[in-house]
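Okay, thanks for coming, everyone. Let me put the thing up on the screen, and then I'll walk you through it.

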Amino acid sequence: MATAQLLKQKTNKILGVNAQDAKLSKSYMVVAFLALLIGGFLGLLQGLERGGVIQLPSWFTYYQVLTAHGVLLVLVLTAFFTIGYFYAGLSHTMGGLLPKVRTMGWIGFWMKIVGFVIAVIPILLNKATVLYTFYPPMAASPFFYIGLAFIVLGVWVCAFGAFINVATWRKNNPGQSIPILAFFATGVFVLLFFGSIGVTIEVVMLIFWSAGFLETINVMVSRTLFWAFGHTLVNIWYMTAVSAWYVIVPKVIGGRRFSDTLTRIVVIMLVITNIPGGFHHQIVDPGMAETLKFLHVFMSLSIGLPSLMTAFAMFSVFERTGRRKGGKGLLGWYKKLPWGDVRFLAPMIAMIAFIPAGAGGIAQTTNQLNQVVHNTLWVVGHFHLTVGTSVILTFFGISYWLVPYLSKRVLTPKMNKVGVIQTIIWTVGMLFMSGSMHWVGLLGSPRRTSYTTYGDNATALGWDPYMFLLAIGGTLLIVGVVIQVYAVFHMMFLAPKGVTEFPIADPEENETKTPLWTDRWGLWIIIMLLVVSMGYVVPLVDLIVNAPPGSPPIKTW
Ligand code: HEM
Ligand SMILES: [Cu+2]
């Protein structure tokens, strides 16, 4: 290893975080949690309106609020958190970010902010009330799409920054495996870049179409390109959360990591198999062959394998650690886990929530079952359990060490307790909200629909009690949002100064050395692209060659 690099890594260990890298990651965290605050309040407004408790005014309609809620929470919050977290991880495990890469991190940051501002103005003006999926033929103001394009380009700059940092580290450290957290980061940025190429093409076409330079648009192609990305994004969040489960949580509970080689294989499998599952979001769309749908269902289910490997790995780590600490009997080890430590409790509940969440996903990806729940509130219940609980609770758990690590402060016992209470409130709130959404979805209540009694139709009236439970859950959640944002603010600016560790667990002592072929990212990317072509080339060519009549822009609101 180059001496300069080695020295830098050593100083990093002693002095803690590099101040300039910390500033970058802190800025990403600030934006992420502001998005949570605003997006959370918008969610509450929706919940109350759907429950018939309030009525939103005509200058800020249900659908405007829903568009902003989706954009803020699934684009802004997750993108900023993921990049801030992985850039901190790259800096910590690779002896600091290269100055060039840090600059790229800032360029990406401002491009995303500028893009967000350009996109949000038409939403506020009711000129882009197309929801975060922006399906054509609904057409927003061209500025909305231009803003989205800026956001994607900003993400790409960050992805390439990460690639440069990892490639340089490898050149300086021949014969060594990429540090595990950086390995996860590589996988996530590979998916972020390759997964978003299709949607970028879609967005560019939409800009021309909504601005009047293109008369019509191919709706099916647009939806397909959107979901090739949307489905990938879901797994990007998932992999980010999973990185903390494998790497961070074992350290927090005083244990060791699960097999390093198997962990890397899980990452590689997720990257390779992920993108061609996108059609499961279009499983009831017309105009696509059954074989194609079958292929995508197969690919969707194949992500289940690495997920089950993860479940096994995590519980194996928990049991081993619990037993080492003296836990006896079949289940005695679980009492030895640090349940009162928010850095463990939050991701642990996140993992548990993933069990029903994943099962619901398997149900949805099955053609016949999808017919029952398609476009009902069940789906909304599903993703508030997956992204709104499994992913977000893991992010919250990360914040309780990452933010003090970045701000050179410490997590006080009091703030830990606040975090535990926050986690419990979030869990109970989601049980109410997501539970009632699932149930009322089975009874047929549609998603993305503002308050209506359908002329006092008996079936629709039967949904009311569930809507009321939904509103209760939403109210609890907003309390959780406020506590969480306060905790982040406190840990960033007010908590006592001190050194907080970046918790990365070591592998087991007797573990064999990880084979270097796991680091062959060029090869994984080629295989991934082959698998992506298998899923997409034939259907896209078919949808373009045998295109249905295109659609002009339509304003439905
Ligand atoms: C205070 C917490 C939250 C509340 C009260 C809340 C409530 C809601 C409600 C009532 C809907 C609309 C259902 C419909 O009519 O279809 C919704 C949609 C949605 N929520 Fe949340 N939510 C919260 C947090 C989150 C979080 C943390 C995320 C993701 C990280 C999220 C992502 C979404 C998405 C993607 C939609 C769908 C938007 C669409 O259909 O266009 N929500 N939420
Ligand atoms: Cu999907």
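This is a predicted model: local features need pLDDT of at least 70, side-chain atom pairs count only at pLDDT 80 or more; totals for chains, interfaces and linings use all residues.

Residues are numbered from 1 along each chain as its sequence is written, chains are lettered from A and ligands numbered from 1 in the order in which they are written, and side-chain values use heavy atoms, with hydrogens and water left out.

Which residues come nearest to ligand 1? There are 27 residues around it, and the nearest are Arg50, Tyr62, His69, His384 and Arg448; "around" here means a heavy atom within 4 Å. By class, that shell has 16 nonpolar, eight polar and three charged residues. For the record, nonpolar is Ala, Val, Leu, Ile, Met, Phe, Trp, Tyr, Cys and Pro, charged is Asp, Glu, Lys and Arg, and the others, Gly among them, are polar.

Now the polar contacts, meaning N or O pairs within 3.5 Å. The Arg50 side chain has an N or O atom 2.8 Å from an oxygen of ligand 1. Arg447 does something along those lines, with a side-chain N or O atom 2.9 Å from a ligand oxygen.

Where does the shell come from? Helices H2 (19-50), H3 (62-93), H14 (377-407), H15 (413-442) and H17 (464-494) each give at least two residues. Helices, by the way, are DSSP runs of H or I with at least four residues, numbered from the N terminus.

Two of those, H2 and H17, also pack on each other. Their axes come within 9 Å and cross at roughly 160 degrees; axes are lines fitted to C-alpha atoms over the stretch in contact, and angles run from 0 to 180 degrees between N-to-C directions. That's why we call H2 and H17 roughly antiparallel, a word for angles over 145, with under 35 being roughly parallel, 65 to 115 roughly perpendicular and the rest oblique. The contact (heavy atoms within 4.5 Å) includes Phe33, Gly40 and Arg50 of H2, and Gly474, Ile478 and Gln484 of H17. By class it has 17 nonpolar, five polar and two charged residues.

H2 has another neighbour, H4. Those axes come within 10 Å and cross at roughly 20 degrees, so H2 and H4 are roughly parallel. Among the residues that meet are Asp21, Lys23 and Tyr28 in H2 and Arg102, Trp106 and Lys112 in H4. The classes here are six nonpolar, four polar and four charged.

One more pair: H8 (residues 219-252) and H12 (residues 342-364) come within 10 Å, crossing at roughly 135 degrees, and are therefore oblique. Tyr238, Trp245, Val249 and Val252 in H8 meet a group in H12 that includes Arg343, Pro347 and Phe354.

Last, the backbone. Most residues other than glycine have a negative phi, and most peptide bonds are trans. Here, the bond from Pro136 to Pro137 is cis, with omega near 10 degrees, and Pro137 sits in the loop between H4 (99-124) and H5 (142-172). Tyr454 isn't a glycine, yet has a positive phi of about 50 degrees; look for Tyr454 in the loop between H15 and H16 (458-461).

Okay, over to you.

Note on methods
A polar contact is a pair of N or O atoms within 3.5 Å; within protein, one must be able to donate a hydrogen and the other to accept it, and residues adjacent in sequence count only if both atoms are side-chain atoms.
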